[in-house]
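My plan is to go from the overall fold down to a few single residues.

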Amino acid sequence: MAVRIICIKKDQGDHENPYVAIDYLEWINERINVKGITDRSKIHDWIKEESGEAYIIDQYGNKTYLIPAVSASGNKYVKTVQDESAMDCLLQLPACT
């Protein structure tokens, strides 16, 4: 199963990196038109352990898949780039309402 991430809910506190600030991600399974909300660590585990696929479609129609990662403090998160020196389209998504 693949889902498209459509928005993110971020905590405004101090965090070790901007990805850990994401509380949850809202998604849609476009194949069956079902929406849902999943917290950051569960999305991480679903991608890493269950071969789930989550992606973002940018303003140009390009599809970019999320990659599971773990911070130096052991916090699970997801991102779309291997190297944080590049712009990550996950962080550019709108805030969930």
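I call it a contact when heavy atoms come within 4.5 Å. With that, I looked up how far along the sequence the contacts reach: among those in the protein chain between residues at least 6 apart, 46% join residues at least 24 apart.

A note on the ground rules: I'm looking at a predicted model, where local features need pLDDT of at least 70, side-chain atom pairs count only at pLDDT 80 or more, and totals for chains, interfaces and linings use all residues. Residues are numbered from 1 along each chain as its sequence is written, and side-chain values use heavy atoms, with hydrogens and water left out.

**Overall fold.** I read helices (H or I, at least four residues) and strands (E, at least two) as DSSP runs, numbered from the N terminus. The protein chain has one helix and seven strands, in the order β-β-β-α-β-β-β-β. Its radius of gyration is 13 Å, close to the 13 Å that the globule rule gives for 97 residues, so the chain is as compact as a globular protein of that length. (I took the radius over C-alpha atoms; the rule is 2.2 Å times the number of residues to the power 0.38.) The C-alpha atoms fill a box of roughly 35 × 30 × 25 Å along the principal axes.

**Burial.** Buried means under 20% relative accessible area, exposed over 50%, and partly exposed in between (1.4 Å probe, protein chains only). By that count, 40% of the 97 residues are buried.

**The helix.** Which residues of α1 are buried? In this helix, which runs over residues 40-50, I found Arg40, Ile43, His44, Asp45, Trp46 and Ile47 buried. Their cover includes β1 (2-10), β2 (22-29) and β3 (34-39), and also β4 (53-57), β6 (67-70) and β7 (76-79). Just after α1, Ser51 has a positive phi of about 55 degrees.

**The core.** A nonpolar core is a set of buried Ala, Val, Leu, Ile, Met, Phe, Trp, Tyr and Cys residues joined through side-chain atoms within 4.5 Å. The largest one has 21 residues, and Ile5, Leu25, Leu66 and Leu90 have the most contacts inside it. At least two of its residues come from each of β1, β2, α1, β4 and β7. I checked Ile5 too: leaving out residues up to four places away in sequence, its partners include Trp27, Ala54, Ile56 and Leu93.

**A loop serine.** Ser71 lies in the loop between β6 and β7. Is Ser71 buried or exposed? It counts as buried because its relative accessible area is 10%. Beyond neighbours within four places in sequence, Ser71 contacts Glu16, Asn17, Val20 and Tyr77.
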